[in-house]
Amino acid sequence: MPDIAAFVRAAEPVHGIRLVGVDGPSGAGKTTLATALAAELAAPIIEIDDFVSWNPPTDWWPRFDTQVLTPLLAGDDAVYQARDWTDWYGSSLGAWKTVRWQPIIVLEGVTCTRRAAADRLVCRVWVDAPAEVRLARGLARDTDGHAGARELWERWMADESRFFALDDTRSRADFIIDAA
């Protein structure tokens with residue numbers, strides 16, 4: 001981790017801010033890494049889970065771009081409506097959140113370093129683990145009372161895998177972490 005934090009601190013800001021993306025497939029360990037990195041950098045985290053639903057990873061991106069990336073790069077706070085996970089199977093929105101502009105902000109979650117954002121980030125971290133490990137982690141975390149969770153997870157993993165292959169996301173990573 002110190003290498004990533006040093007890299008971020010040394011990076012030239014983009015429009016005055018250092019946005020750090022911690023990306024990779026679901027269940028890989030992104031949240032664990034991003035939490036430690038954010039603590040090291042004294043930076044807030046914006047979680048992609050506040051935007052995603054079980055729909056393909058392309059559906060929510062315009063809202064993330066409009067409510068998070070665009071304002072932060074303009075020197076403004078990110079004000080966004082978070083996904084309401086009490087509607088676990090749907091895509092309802094819940095409470096509004098504000099992340100105040102700071103010189104460094106960590107973005108954590110699936111596809112946050114996609115091609116459409118890559119040049120706006122000062123550091124792109126890819127976290128990965130084998131599919132069977134990721135599925136087990138996801139099911140352990142997300143199945144509490146949710147019938148059909150395995151099917152949703154398997155479909156989501158196939159969708160994100162297709163997206164990452166088409167976008168070639170991993171190839172743009174400044175750091176690749178094996179979190180198996």
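I started with strand 5, which has both faces covered: Ile104, Val106 and Glu108 on one side, Ile105 and Leu107 on the other, all buried. Buried here means under 20% relative accessible area with a 1.4 Å probe, counting protein chains only. In a regular strand the side chains alternate between the two faces of the sheet.

A note on the source: this is a predicted model, where local features need pLDDT of at least 70, side-chain atom pairs count only at pLDDT 80 or more, and totals for chains, interfaces and linings use all residues. Residues are numbered from 1 along each chain as its sequence is written, and side-chain values use heavy atoms, with hydrogens and water left out.

Back to strand 5 (residues 104-108): five of its five residues are buried, so the rest of the structure largely encloses it.

Next I checked its partners; strands pair if DSSP finds at least two bridges between them. Strand 1 (residues 18-23) runs parallel to strand 5, joined by five bridges, and glycine 21 has leucine 107 as its bridge partner there. Strand 2 (residues 45-47) also pairs with strand 5 in the parallel sense, over three bridges. Isoleucine 45 is bridged to valine 106.

Then I zoomed out. I found six helices and seven strands in the protein chain; these are DSSP runs numbered from the N terminus, helices being H or I of at least four residues and strands E of at least two. Of the 180 residues, 50% count as buried.
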